[in-house]
Amino acid sequence: MRTLFIFGILVCSSGMIAVKFQRRIEETLPTAIFLQIFLIYIAGLFTGNLLLGVYISVAGCLLSGIYLIGKVCQNNTEVRKYCLTPGILVFLLYFLWIWWINRYRLCSSWDEFSHWGLVVKNMDIFHKFGTYKEATVQFRGYPPAACIWQYYIEQLYGGFTDGHMYQAMGWLVLSLFLPVLKNCSWRKLGYGVIIFGFMVVMPFIFFRSYIVLLYVDALLGICFGYIMLCSLLNEHLDLFQIGSMAAALFILCLIKASGLFLAVIILAAII
């Protein structure tokens, strides 16, 4: 049930953005995740309490759900048009697949023990960044975007387990593939499943365990590709697209220090 609640949280937040900006939910779901990471990051930065950011994020998602219910009660067709799409069904299928393959997974790689898993566990205990003086993290210079998202999912589940970290990472990666389905129709649902599956499989060429590891290197490259894809799929940038790409660039810089260099490359290419 908690897994479906998390899926509902994602749908509510991204659905509200979709209706407001008249964009399909396939385009807005990554942006909704970026905004949730941003809220928790800001809360941790200025108050020192990551849990406050979680509460604010969940409250915003619930208000978004109320907004969507209000639209439905008004017999508004926008919710069905922008939210009940083939893409969100495809995402649900792969969302459950990620949950299933990672539900009992444990940390097994060196860098997960030395940092990527350890830092999330520290965040879960102290509700502060891994730079907190009492934290057992050794590498305190790594940016926290992926860890914040994993911490957020841990809090939504109500307790820390290794499997939740892997599920969170997988869901974040999957969301970045969604824009390829923004033109998918119900008649081509099977085609959408195959295309999305191809997007999931393709990174295995470069990083064969990316979907079941906490390393952020693959996420860094996929986020880079996501921003480039958004710029290519939209000939004319509107307010939503500019805001979405700005949020993605911000998160790219927070994934790893080298993300800043990649962000500069993207901006140069787009210009």
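Ground rule before anything else: helices here are DSSP runs (H or I, at least four residues), numbered from the N terminus, and strands would be E runs of at least two. By that rule Leu-262 lies in helix 12.

I am working on a predicted model, where local features need pLDDT of at least 70, side-chain atom pairs count only at pLDDT 80 or more, and totals for chains, interfaces and linings use all residues. Residues are numbered from 1 along each chain as its sequence is written, and side-chain values use heavy atoms, with hydrogens and water left out.

**Entry 1: Leu-262**

Is Leu-262 buried or exposed? I get 19% relative accessibility, so Leu-262 counts as buried. The cut-offs are under 20% relative accessible area for buried, over 50% for exposed and partly exposed in between, with a 1.4 Å probe and protein chains only. I then looked up its contacts (heavy atoms within 4.5 Å). Setting aside neighbours within four places in sequence, Leu-262 is in contact with Leu-220, Phe-224 and Leu-252. I also checked a C-alpha distance: Leu-262 and Gln-155 are 107 residues apart along the chain and separated by 31 Å.

**Entry 2: helix 11**

Helix 11 covers residues 239–255. I tested its length against the expected span, which is 1.5 Å times one less than the number of residues. Its 17 residues should span 24 Å, and the end C-alpha atoms are 24 Å apart, so the two agree. Next I listed its buried residues, among them Phe-240, Met-245, Leu-249, Leu-252 and Ile-255. What covers the buried residues of helix 11? The cover includes helix 1, helix 2, helix 6 (110–126), helix 7 (145–157), helix 10 (217–233) and helix 12 (259–270).

**Entry 3: helix 10 against helix 11**

Axes are lines fitted to C-alpha atoms, for helices over the stretch in contact, and angles run from 0 to 180 degrees between N-to-C directions. Helix 10 and helix 11 pack at about 165°, axes 10 Å apart. That makes helix 10 roughly antiparallel to helix 11. On the helix 10 side, the contact residues include Leu-220, Phe-224, Tyr-226 and Ile-227, and on the helix 11 side they include Gln-241, Met-245, Leu-249 and Leu-252. By class the contact of helix 10 with helix 11 has 12 nonpolar, three polar and no charged residues. For the classes, Ala, Val, Leu, Ile, Met, Phe, Trp, Tyr, Cys and Pro are nonpolar, Asp, Glu, Lys and Arg are charged, and the others, Gly among them, are polar.

**Entry 4: helix 1 against helix 2**

Helix 1 (residues 2–21) and helix 2 (residues 25–47) pack at about 115°, with axes 8 Å apart. They are therefore roughly perpendicular to each other. Helix 1 passes helix 2 in a right-handed crossing. From helix 1, Ser-13, Ser-14 and Gly-15 are among the residues that meet helix 2, whose side includes Thr-28, Ala-32 and Gln-36.

**Entry 5: Glu-27**

Glu-27 sits in helix 2. Glu-27 is buried, at 12% relative accessible area. Not counting residues up to four places away in sequence, Glu-27 touches Lys-182, Tyr-226, Asn-234, Phe-240 and Gln-241.

**Entry 6: positive phi**

Most residues other than glycine have a negative phi. Where is Gln-22? Gln-22 is in the loop between helix 1 and helix 2, and has a positive phi of about 55° although not a glycine. Gln-22 is partly exposed at 49% relative accessibility. His-127, in the loop between helix 6 and helix 7, also shows a positive phi of about 55°. His-127 counts as partly exposed at 21% relative accessibility.

Conventions
Parallel < 35°, antiparallel > 145°, perpendicular 65-115°, else oblique. Left-handed = near helix turned anticlockwise from the far one by under 90°.
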